[in-house]
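Please keep the sequence and the 3D view open while going through the points below.

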Amino acid sequence: MTNNNSEIHGTDLRPTYRLKNDTITVTEEEVKIDPPSPEVLLKMAEFERKVILKRERNFNEGVDLFKNFDKINIELIHDTPPGWNLFNDSSEMEILDLARSVCNVGLIHPIYVSLDPDGIYTVICGRCRLAAFVKLYQSTGLEKYKYIPAYVLNTEEIDELFLRTLIVESNISFRTITKYNKITSLIENYEIMKRTKLYRNEKNVAMELAKIYDISESSVFNFLRVKQLCDPGLTLLYEDRISLKAALYLTKVSKETQVNILERYGVEGVNAIFRLKLLTSEDNISIEKLDEKINVVSNLTP
């Protein structure tokens, strides 16, 4: 399997806002680009139209996931595109346990791979199963482990966001996931659904997410509270640089106050929950008073 985490493939649904004093440096460079020709604009518009039609057809009418079945050479399958998989990798023990199961009874559930117009296979669901086959082939050299049973999804027929929804739902259905994984995937699933005609209404989105995650609608809205984070705070949460608990405490105050706390107290300070609890006890606080509070809490010990 191959993967390149330096860039995002397809639609980037992640927040990428930065604080002024963030330790991650963001550089800007002015690039002069000639305006596209009328012909290029027409091609872009036609491409966008086809994407929207495909997306609405997939989400409204569904997709036959079992239409194309094959056994694919594991050496030809690329890893899930960067930015698509929000879940923790399977542990070495999980892969070994699955490899033992495959060795004893075979693969019960085939994986799902996408096939693009260039003939490239990419794993969509079943990274752990694929890793188990790779381990078995490397350790035994047996030909039967070189080819893995897979349902093949044609990217010319299936929309990118539909494939990403499959990744989220398969992990929720078959894996135990952390609360952080649940919330980040729920937010991304929320963004995907809001981009499809069927789920434009907020209530419809909450109802569908409640079914997918097997939780109540009120729990969905509680988890979506993190969307009340200021833009830099949401970025820090997605990058796992502030804890989920810190993020929820920040949502108790206005976005302007959140930004002031993050910029004046820093990421490390915000992750000290016993101090953050005091800083978020009062909303719409002036910068002068916030600075006074920061001076006080900085000398506190838990």
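This is a predicted model: local features need pLDDT of at least 70, side-chain atom pairs count only at pLDDT 80 or more; totals for chains, interfaces and linings use all residues.

1. A definition comes first: helices are DSSP runs of H or I with at least four residues, strands are DSSP runs of E with at least two, and both are numbered from the N terminus. With that numbering, helix α8 is followed by aspartate 240, whose phi is positive, near 60°.

2. The protein has twelve helices and five strands, and of its 302 residues 42% count as buried. Among contacts between residues at least 6 apart in sequence, 73% join residues that are at least 24 apart.

3. Returning to α8, which covers residues 231–238, seven of its eight residues are buried, so the helix is largely enclosed by the rest of the structure. Those buried residues are Pro232, Gly233, Leu234, Thr235, Leu236, Leu237 and Tyr238.

4. The next point concerns a pair of helices. The axes of helix α2 (residues 92–105) and helix α3 (residues 127–140) come within 8 Å and cross at roughly 70°, which makes α2 roughly perpendicular to α3. On the α2 side the contact is formed by Glu92, Glu94, Ile95, Leu96, Leu98, Ala99, Val102 and Cys103, and these meet Cys128, Arg129, Ala131, Ala132, Phe133, Lys135 and Leu136 in α3. Sorted by class, this contact has eleven nonpolar residues, four charged residues and no polar ones.

5. Cysteines deserve a separate look. How many disulfides does a search of the whole structure find? The search finds zero disulfides. Cysteine 125 is buried, with a relative accessible area of 6%, and cysteine 230 is also buried, with a relative accessible area of 2%.

6. Salt bridges come to a count of 13. In one of them, the side chains of arginine 55 and aspartate 159 meet at 2.8 Å, N to O. This pair links distant parts of the chain, since arginine 55 lies in helix α1 (residues 38–61) while aspartate 159 lies in the loop between β5 (147–154) and α4 (160–174), 104 residues apart. Are these two residues buried or exposed? Arginine 55 is buried, and so is aspartate 159.

7. The side chains of glutamate 160 and arginine 164 meet at 2.7 Å, N to O, and both residues lie in helix α4, four residues apart, which is about one turn of the helix. Since buried means under 20% relative accessible area, glutamate 160 is buried at 18%, and arginine 164 counts as buried at 2%.

8. The side chains of arginine 264 and aspartate 291 also meet in a salt bridge, at 2.7 Å, N to O. Arginine 264 lies in helix α10 (residues 255–270) and aspartate 291 in helix α12 (residues 287–297), so the pair ties together parts that are 27 residues apart in sequence. Arginine 264 is partly exposed, with a relative accessible area of 39%, and aspartate 291 is partly exposed as well, with a relative accessible area of 26%.

Note on methods:
Residues are numbered from 1 along each chain as its sequence is written. Side-chain values use heavy atoms; hydrogens and water are left out. Axes are lines fitted to C-alpha atoms, for helices over the stretch in contact, and angles run from 0 to 180 degrees between N-to-C directions. Angles under 35 degrees count as roughly parallel, over 145 as roughly antiparallel, 65 to 115 as roughly perpendicular and the rest as oblique. Contact means heavy atoms within 4.5 Å. Ala, Val, Leu, Ile, Met, Phe, Trp, Tyr, Cys and Pro count as nonpolar, Asp, Glu, Lys and Arg as charged, and the others, Gly among them, as polar. A disulfide is a pair of cysteine sulfur atoms within 2.5 Å. Buried means under 20% relative accessible area, exposed over 50%, partly exposed in between (1.4 Å probe, protein chains only). A salt bridge is a side-chain nitrogen of Lys or Arg within 4 Å of a carboxyl oxygen of Asp or Glu.
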